[in-house]
Amino acid sequence: MKACKWETRVEQWFDGQTVTGAEGHVAQCPACRSLVQALQVMRHAAQAPAPEIAPSQFPAFFDGIRQQVEAPLPAYSRVWAAVSLGLAALIAAGSTFAILSGGPRPAVAETVVESFSTELQDATVEYYRSDDGTATLQVHYAGGDMW
Amino acid sequence: MMMSALILAAFLTAAPASQAAADPGPPVETMVVAVRAVETGTGEKHLDPRLEPLKTLLLRLPYDTFEQAASASRTVAFGQETAFPLTAEYTLLITPLERDEDGRVKLRARVQMTSRDPNRPPVNAVNSVTKVVPGDRLQIRGLPLEKGELVLFLSVTPRGESAPPNRRR
């Protein structure tokens, strides 16, 4: 609700329009005088220059940004970040293994002869796998009377 | 923190393996079959019926007659050497040494040969160390016999465990 019926015309006059009798009314009307003072404060604020960052302030300015960016996250955020990172690493490792190994397959240990020898003269021992994969030690005897 | 979790997980995963290495577990059931493979020159193949399960393996050998010379099954404790007499000339000596992280039984197998000459000491015709998958088979062949050779088949299974179904008997 308007404090004075002249308010609109006073605002027009304040903006530079020709309004007959407006200046005289403002001089007599306390409400319109207050309105003009408020409009003057707003105009002054709008015309004030924006604050600038001087070159000497740039290091501190960027330091502030860096501190914000590098600020430690709350503890729970770090836990979830670690979990996410771990899962991502597992997925990546599993995928790599699956690709390189041709897919998952059961790891089956084999029967393996680690060492073998013979004390028989004129004999040697050979280690091989037979056609069906049986680990085999075979003595090769050159002959002679062993009994 | 993440690294600590990974190290802990690796430790927990590795723990059973190291325990298995420290404690070899129960004795192993050791089965041995010895086959006398000879060439008689009859031109006909003869296979001892008791060796039927080994038919495929044996009939590949350059002999025409296969007879079972010995068969035995015994429980052998880790670190204990046990003798399996095979023939008058040969004795198999088995010593289970340990179980590895894959469940294999590491064992020493010696085939000792006794000469007919009492002045000759016994010698190791074969001295071997093998990691045997439970239920799997180790074959030792070429042990000289008159007109042929002695072929051994050896299998071990930790007592209380059954051999995997995919393993050969």
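Colleague: Is L87(A) buried, partly exposed or exposed?

Modeller: Please note that this is a predicted model. L87(A) belongs to helix α5 of chain A, which covers residues 75-101. Buried requires under 20% relative accessible area and exposed over 50%. Because L87(A) has a relative accessible area of 49%, the class is partly exposed.

Colleague: What is the area of the nonpolar surface patch that includes L87(A)?

Modeller: Membership in such a patch requires over 30% relative accessible area, and L87(A) has 49%. The patch is made by V79(A), W80(A), V83(A), L87(A), L90(A) and I91(A). Its area is about 630 Å².

Colleague: In which sense do strands β2 and β3 of chain A pair?

Modeller: Chain A has five helices and three strands, in the order α-α-α-α-α-β-β-β from the N terminus. Strand β2 spans residues 123-129 and strand β3 residues 135-141. Seven bridges link the two strands, and the sense is antiparallel.

Colleague: Which residue in the turn of the hairpin has a positive phi?

Modeller: The hairpin is formed by β2(A) and β3(A), with five residues between them. Within the pairing, E126(A) stands opposite Q138(A) of β3(A). In the turn, a positive phi of about 90° is found at G133(A).

How values were computed: Residues are numbered from 1 along each chain as its sequence is written. Chains are lettered from A and ligands numbered from 1 in the order in which they are written. This is a predicted model: local features need pLDDT of at least 70, side-chain atom pairs count only at pLDDT 80 or more; totals for chains, interfaces and linings use all residues. Side-chain values use heavy atoms; hydrogens and water are left out. Helices (H or I, at least four residues) and strands (E, at least two) are DSSP runs, numbered from the N terminus. Two strands pair if DSSP finds at least two bridges between them. Patches are made of residues with over 30% relative accessible area and no salt bridge: like charges are joined within 9 Å, nonpolar side chains (Val, Leu, Ile, Met, Phe, Trp, Tyr) within 5 Å. Accessible areas come from the Shrake-Rupley method with a 1.4 Å probe; for residues, only the protein chains shown count as cover. A salt bridge is a side-chain nitrogen of Lys or Arg within 4 Å of a carboxyl oxygen of Asp or Glu. Buried means under 20% relative accessible area, exposed over 50%, partly exposed in between (1.4 Å probe, protein chains only).
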